[in-house]
Amino acid sequence: MYIELTTADQNGNTQAVLVNCDRVLGFKQRFHNDIGGNPIKDKEGYAKTYTDVVMRGVQFLVVETIETIKTLMEEKPII
């Protein structure tokens, strides 16, 4: 079962990625930190977050939250 997630680089460029859910070992929510280790906040004051996807042999970052990923896995898997 595959789901489609979005990766982003520091320049704001995004790219769609198909993730094989059978190979995923886990997800971890992280915060964007500045040099001092403090979370970077957006205009509304919320901390910017990303999700770290750990798979067998590879690790990458996606824009979606863990709750969104769980919903995608339940409702819209690509088989």
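Biologist: Before I look at any detail, what is the mean pLDDT of the chain?

Modeller: Good place to start. Where pLDDT is low, the predicted coordinates should not be read in detail. Here the chain averages 86, and 100% of its residues reach 70 or more. Among the elements, strand E5 (residues 58-62) has the lowest mean, 89, while strand E2 (residues 14-20) has the highest, 91.

Biologist: OK, on to the sheet. In what order do the strands of the open sheet come?

Modeller: The general idea is that strands of a sheet pair through backbone hydrogen bonds, either parallel or antiparallel. In this model, three strands form an open sheet in the order E3-E4-E5, and the pairing is antiparallel. E3 and E5 sit at the edges with a single partner strand each, so one side of each has no neighbour in the sheet. From one strand to the next, the twist averages 20°.

Biologist: How many bridges join E3 to E4, and how many join E4 to E5?

Modeller: Strand E3 (residues 24-31) is joined to E4 by seven bridges, and E4 to E5 by five. If you want places to look, Phe27 stands opposite Val53 in E4, and Asp52 stands opposite Leu61 in E5.

Biologist: Which residue in the hairpin of E4 and E5 takes a positive phi?

Modeller: That's Gly57, with phi near 90°. The hairpin has two residues between its strands.

Biologist: Is E4 mostly covered or mostly open?

Modeller: Mostly covered: five of the seven residues in strand E4 (residues 49-55) are buried.

Biologist: And what lies across E3, E4 and E5?

Modeller: Helix H1, residues 66-75, and it runs at about 150° to E3.

Biologist: Now charges. Which side chains meet in a salt bridge?

Modeller: In general, side chains of opposite charge can pair when their charged atoms come close. Searching the whole structure turns up one salt bridge. It joins the side chains of Asp52 and Arg30, at 3.3 Å from N to O. The pair links distant parts of the chain, with Asp52 in strand E4 and Arg30 in strand E3, 22 residues apart.

Biologist: Is Asp52 buried or exposed?

Modeller: Buried, because its relative accessibility is 4% and the cut-off for buried is under 20%. Arg30 has a relative accessible area of 31%, so Arg30 counts as partly exposed.

Notes:
Residues are numbered from 1 along each chain as its sequence is written. This is a predicted model: local features need pLDDT of at least 70, side-chain atom pairs count only at pLDDT 80 or more; totals for chains, interfaces and linings use all residues. Side-chain values use heavy atoms; hydrogens and water are left out. pLDDT is the predictor's confidence in each residue, from 0 to 100. Helices (H or I, at least four residues) and strands (E, at least two) are DSSP runs, numbered from the N terminus. Buried means under 20% relative accessible area, exposed over 50%, partly exposed in between (1.4 Å probe, protein chains only). Two strands pair if DSSP finds at least two bridges between them. Axes are lines fitted to C-alpha atoms, for helices over the stretch in contact, and angles run from 0 to 180 degrees between N-to-C directions. Contact means heavy atoms within 4.5 Å. A salt bridge is a side-chain nitrogen of Lys or Arg within 4 Å of a carboxyl oxygen of Asp or Glu.
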